[in-house]
Amino acid sequence: MHEMSIAVELLRELESLVETNDVKCVTEFTVSAGQLRGIVPEALDIAFASLAADTCAAGAKLILESVSTVAQCQQCQHRFSPGEDYYLCPKCNQADVEIIEGNDIILKSVVCE
Amino acid sequence: MTKKIDVVKNVLDANDEVALENRKLMQQYGCLSVNIISAPGSGKTTLLEKTIVGLGGAKSAVIVGDLQTARDAERVADVAAVVQINTEGGCHLSAGQVAAALEKLDIRNAALDYIFIENVGNMVCPSGFDLGEHYRVAMLSTPEGHDKVAKYNTMFQPADVILLNKIDLAEVLEFDSSCIRDDLSKINTRAPLIELSAKTGEGMDAWLAWLKNAKAKLGSSK
């Protein structure tokens, strides 16, 4: 249930935004989450809803967008999307990658009142 | 009135910034740190008990993460300084918890050679959180089955070294280590695979040599 840690950080950001932007509450926010984070949308919804009760983000709608994984081979620098062969580089046949996309959790936009 | 605010903020930045500070601090005091991730029951605590004794005169500390109890900390307390973190339901350690543990260990004065972070037993959640370790260790044990590397590839892909523990049971469990090697050839060819038994001591020399080599490299990069 790593969704709880992510919900804690999201709520922290939202509360700080409300404080600094002369608004009262958050009604909706959009998060893009890398595939590799393995976020279960329902679990994040439940974690956030329970944490945000009695805060400025209570009842806010969470829109979750998934971001596909992009890996970069550390041997030949080729960039590719991991598929059936996991992290095997299609160019040099090594599995030594750095994850370029797929690990980030970005708070993209927030709708406030 | 409705107001839309564009943000574009990585919500794990806070964790990653603390992790960076942890890494710098341990580097500054010449202390090699490894973050050990595995399923519950794969033998992390036994591995650490044997590893610390095997490192001889080196001074080690252990940061132990568990949902509840101090049982693991009690086991390693005879051989190392130890800080137990009870996550109270949290399924992984965070950089902030490790930062607090480093203060408890008095890292600036303790003259530690090694810090072993025994993460919460879990093959999924700990992988996504940098604690500031120098190296990531992913461990599997034979009773878990030879299909787990592919199933939990997000744990094995970022690992710097992969341990296969309890190889003394491999035969009776009909454990097929070629399956592990095949999967690793598609998931992580960078990390060495060390097969060992923390219980019998088989293979421990290779693991201890890897640690000593990593420690020597850390010293030379200071």
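Modeller: Two strands pair if DSSP finds at least two bridges between them; strands (E, at least two residues) and helices (H or I, at least four) are DSSP runs, numbered from the N terminus. The model is predicted, with local features requiring pLDDT of at least 70 and side-chain atom pairs 80 or more, while totals for chains, interfaces and linings use all residues. Residues are numbered from 1 along each chain as its sequence is written, and chains are lettered from A and ligands numbered from 1 in the order written.

In chain A, 3 strands make an open antiparallel sheet in the order E4-E3-E5. Its edge strands are E4(A), residues 79–80, and E5(A), residues 97–101, each of which pairs on one side only. E3(A), residues 70–73, is joined to E4(A) by 2 bridges, and these two strands run antiparallel. Gln72(A) has Arg79(A) in E4(A) as its bridge partner.

Strand pairing also links the chains: E6(A) is joined by 6 bridges to E1(B), residues 3–10, again antiparallel. Here Ile106(A) stands opposite Asn10(B). The contact between the chains (C-beta atoms, placed from the backbone, within 7 Å) takes 30 residues from chain A and 28 residues from chain B. On the chain A side, the elements that give two or more residues are helix H1(A), 3–20, and strand E6(A), 105–112. E6(A) supplies the largest share, 8 residues. That side has 16 nonpolar, 6 polar and 8 charged residues (Asp, Glu, Lys and Arg are charged; Ala, Val, Leu, Ile, Met, Phe, Trp, Tyr, Cys and Pro nonpolar; the others, Gly among them, polar).

In chain B, H1(B), residues 13–28, packs on H4(B), residues 95–104, at an angle of about 30 degrees with the axes 8 Å apart (lines fitted to C-alpha atoms over the stretch in contact, angles running from 0 to 180 degrees between N-to-C directions). Residues making this contact include Val18(B), Asn22(B) and Leu25(B) of H1(B), and Val98(B) and Leu102(B) of H4(B). By class, the contact has 7 nonpolar, 3 polar and 1 charged.

The largest nonpolar core has 67 residues; among those that touch the most other members are Val62(B), Ile115(B), Phe156(B) and Leu163(B). Core members are buried Ala, Val, Leu, Ile, Met, Phe, Trp, Tyr and Cys joined through C-beta atoms within 7 Å, buried meaning 20 or more other C-beta atoms within 10 Å (exposed, 12 or fewer; partly exposed, in between). Leaving out residues up to four places away in sequence, Leu163(B) touches Val137(B), Met139(B), Ile194(B), Leu196(B) and Trp207(B). Another core lies apart, of 24 residues, including Ala7(A), Leu14(A), Val18(A) and Ala57(A).

Technical notes. Contact = placed C-beta atoms within 7 Å.
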